[in-house]
Amino acid sequence: EVTDTVEQLLKPLLNETFSQPLPGKTPTNPATSCRNVKQQSLTAPTGYYWIQNPDIPLVQLYCDMDKIEPYLGTVQAHPGSSCREIQERSPSLPSGYYWVKPGNGPPVQVYCDMTRTCGGITGGWMQVANIDMTDSSHTCPQGLRT
């Protein structure tokens, strides 16, 4: 009885959530590329999609989804080995949270700075800590003091 009530309450919400069309399914909601469709839904079917971006006018293209992988690090199932690898493979990706699989461990989500230059290397830096030194209750870790 409780299960039936929960299903009745959730059904409209689930239908609303999943009834939103994938980008590219209609000309009024075009995707920017076939990969953009794949990013929105890893289970997007192969077929025709409406594509439009600054380089391509609105056109319907055939997207073979079996041959498209999402950008490295943007989904848990396709993690990078480091922020640097993600940045090198896709230099146009912005700074943000990405999936990284360090060594033999499980994938973890980390913040990657894709624009900062340090030691002559631009981008691909993983944020390992955030210390707010304007807060008097925070102190600099011993190993970072000069």
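The model is a predicted one, in which local features need pLDDT of at least 70 and side-chain atom pairs count only at pLDDT 80 or more, while totals for chains, interfaces and linings use all residues. Residues are numbered from 1 along each chain as its sequence is written, and side-chain values use heavy atoms, with hydrogens and water left out.

The sulfur atoms of Cys-34 and Cys-63 lie 1.9 Å from each other. This pair ties together distant parts of the chain, since Cys-34 sits in helix 2 and Cys-63 in strand 2, 29 residues apart. Helices (H or I, at least four residues) and strands (E, at least two) are DSSP runs, numbered from the N terminus. Cys-34 has a relative accessibility of 17% and counts as buried, and Cys-63, at 1%, also counts as buried. Here, buried means under 20% relative accessible area, exposed over 50%, and partly exposed in between, with a 1.4 Å probe and protein chains only.

In total there are two disulfides. Besides the link already described, Cys-83 and Cys-112 are joined, with 2.0 Å between their sulfur atoms. This link is left-handed, with -70° about its S-S bond. It connects helix 3 (residues 83-89), which holds Cys-83, to strand 4, which holds Cys-112, across 29 residues. Both Cys-83 and Cys-112 are buried. With bonded cysteines counted along the chain, the disulfide pattern reads 1-2, 3-4.

Cys-34 and Cys-63 also belong to the largest nonpolar core, which has ten residues in all, including Leu-22, Val-37, Tyr-49, Ile-51, Met-65 and Ile-68. A nonpolar core is a set of buried Ala, Val, Leu, Ile, Met, Phe, Trp, Tyr and Cys residues joined through side-chain atoms within 4.5 Å. Helix 2 (34-40) and strand 1 (47-53) each contribute at least two residues to this core. Apart from it lies another core, of nine residues, with Leu-72, Cys-83, Leu-93 and Met-114 among them.

Beyond its neighbours within four places in sequence, Met-65 has contacts (heavy atoms within 4.5 Å) with Cys-34, Val-37, Lys-38, Ala-44, Pro-45, Thr-46 and Tyr-49. Lys-38, one of these partners, is placed in helix 2. Lys-38 is buried yet has no salt bridge, and the nearest side chain of opposite charge is Asp-66, 5.7 Å away. A salt bridge requires a side-chain nitrogen of Lys or Arg within 4 Å of a carboxyl oxygen of Asp or Glu; Lys and Arg count as positive and Asp and Glu as negative, while His and the chain ends are not counted.

The strands come next. Two strands pair if DSSP finds at least two bridges between them. Strand 1 pairs with strand 2 (residues 56-63) in the antiparallel sense over six bridges, and a hairpin of two residues joins them. Within this pairing, Tyr-62 of strand 2 is the bridge partner of Tyr-48.

An open sheet of three strands has the order 3-4-7, with antiparallel pairing. Strand 3 (96-100) and strand 7 (125-126) stand at the edges with a single partner strand each, so one side of each has no neighbour in the sheet. Five bridges link strand 3 to strand 4 (residues 108-113) in the antiparallel sense, and Tyr-111 of strand 4 is the bridge partner of Tyr-97.

How values were computed: A disulfide is a pair of cysteine sulfur atoms within 2.5 Å.
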